[in-house]
Amino acid sequence: MEGDFIGPGPYRATKLWNETIKLFRGGMPLRRHWTHFRYYDLSFTGSEAVDYLHELLRRNHNFGPEVTRYQTLQLLRKFLKAHVIEDIKGRHGTEDFEDNGQLYRFPMLSPLKSFPTRPLLRDGSDLPRLIRWDDYEELPQPENIAPLKSAAMTSDLWNKRHSVAIGDVHECKLIRRKEITAKQVDHIWKSMTVTHLQRVLGLASLDGVLNPTHVNGKHIVHNVFSVNKTGIVILENKAEDMPYWVVSAMKCLANWPNGNESKQPVYPGFERDILRTVGDYFQRLKEPLLTFHLYEVFVNILSLLQEQEVATEALQVSCLLLPPPNRRRLQLLLRLMARVCQNPHLPALNDSISNRTLMVQMFSHCVLGSVDEMDLDELLATKLVTFMMEHHSTILQVPSKLRRQVEEHLSHLKRVQIKYAGSDTDFSASPAFCKQIHRVECEEQKVIGTQIPLNELLEGLIADKELPAKDKRKRLKQFQRLYPEVYHKRFPTEESKAAVIPEKTQRLKPSLMFFSFKKPLQPFQRSWSFRA
């Protein structure tokens, strides 16, 4: 029973837990076992459970062949504490599961995890709102976000847009936005990063995956810009950094055998003691490096590992959400793990397993972990850390596509724009959403959006008493040439036009009678001759 592949979505870790329990209960072979001169039907031994569940997890597409027998044993111990299984005497919780011949059985009903109940959010409300060009004041609080303003043109704004066509240019002025504050830059990075993550994961909503209130825009900006030439985060507060002795131990192991800066005497097993020192530091951290809040995000990314480019981009974006100290520790740890696995001069750090397997087993739980003890975090962490270790140089880079989008948006906010006097809508911003409408409704919107403003414009020209009659007739002719349908609807006959538009006054032509001559007309007299 390989089970179904569970893709990205809300509460994926809970779905994996429940799916594993269903597969284990439905496929585990049960038979009669004897112990202490008694037999128990429908039971199984600890070793049989480890064998079956180990093979089940290895064949399951959600986990893969990297699952070890020890991880399977750890999971069965969680099953016993969560009362998924019990021993033949009905005990659970306090007992420890052993990989031997001790008998176990399933209770009448194995408990499944219930999904957390959260209030339904309207579409897109779980994402922080992106700052637009017309946001002049301080951003409102998330719970008091004002409704989006309709993008329908008002008649006054339509008149301003079309005034050039009819020969009347209204007053306009250049508007330069106020200086963008650091707080607004942090908010823009937060909004665009969370939106980009949702798009990469292919989800309609991040509800049940990531709570945007747990995302800090300052952390994102710090992770992007406060780095050294190799991309490692630089911390402003040195108290948040790792102790000097831990950093020295990591350098010594990563650059073995040339990394002993302190010139300490090297003895047999010295490299193992150094690894133990580094491991103790990371295993004593109060929280995994990827934090509890982002656990569901990285569990969802696990379902994308088959598409390497998509998974890499998702990890790039997700790692930007980490607090800077966590991101710095993660960068140094993954670089150490990769160098240890690739260093041919480093001796074996364990007698039974390879250095690569040791690195994954020792540090996987330090990287990814769940706040809930009853979870599959050990299995999931192994798969994720293996991928991150192999692609650490790419994963911990700033995604170039996201950075370019943010820079273009910030550049747009700083541009000078033209704003007509009295206009109240900024059409430079893209619409917040769109929806499909019926054909009849579309035709009605055409009428509302064109005919009504044109009629109001025509009536305004007619009713304008301050406009000279000559200019009024000139503009009405221009209106008739541009919008003949609206014009003929208003003036269907010449009588209707004459009742509104004043007639052009006729000027009298001057008559010849008004001209007077100083001398009366005389008959023609020839005074000289052309003859010789």
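The chain holds 18 salt bridges, a salt bridge being a side-chain nitrogen of Lys or Arg within 4 Å of a carboxyl oxygen of Asp or Glu. The model is predicted, so local features need pLDDT of at least 70 and side-chain atom pairs pLDDT 80 or more, while totals for chains, interfaces and linings use all residues. Residues are numbered from 1 along each chain as its sequence is written, and side-chain values use heavy atoms, without hydrogens and water.

One of the salt bridges joins the side chains of Arg31 and Glu48, at 2.9 Å from N to O. Arg31 sits in strand β1 (residues 31-35) and Glu48 in helix α2 (residues 46-59), 17 residues apart. Helices (H or I, at least four residues) and strands (E, at least two) are DSSP runs, numbered from the N terminus. Arg31 is partly exposed at 47% relative accessibility, and Glu48 is partly exposed at 24%. Here buried means under 20% relative accessible area, exposed over 50%, and partly exposed in between (1.4 Å probe, protein chains only).

Helix α2 also carries Asp51, whose side chain meets that of Arg69 in helix α3 (residues 69-81); the N to O distance in this salt bridge is 2.6 Å. Arg69 forms a salt bridge with Asp99 too, with the closest N and O atoms 3.1 Å apart. Asp99 lies in the loop between β3 (86-87) and β4 (103-105), 30 residues from Arg69. Asp51 is partly exposed at 43% relative accessibility, Arg69 is partly exposed at 32%, and Asp99 is partly exposed at 32%.

Asn343 lies in the loop between α11 (324-342) and α12 (355-367). Asn343 is buried, with a relative accessible area of 13%. Its side chain reaches the backbone oxygen of Trp256 at 2.8 Å. Leaving aside neighbours within four places in sequence, Asn343 is in contact (heavy atoms within 4.5 Å) with Ala254 and Trp256.

Helix α10 (residues 308-320) has 13 residues and reaches 19 Å from its first C-alpha to its last. The buried residues of α10 include Ala311, Ala314, Leu315 and Cys319.

Taken whole, the chain has 19 helices and 6 strands. Of its 532 residues, 42% count as buried. Among contacts between residues at least 6 apart in sequence, 70% join residues at least 24 apart.

Notes:
Expected span 1.5 Å × (residues − 1). Polar contact = N/O pair within 3.5 Å; in protein donor to acceptor, adjacent residues only side chain to side chain.
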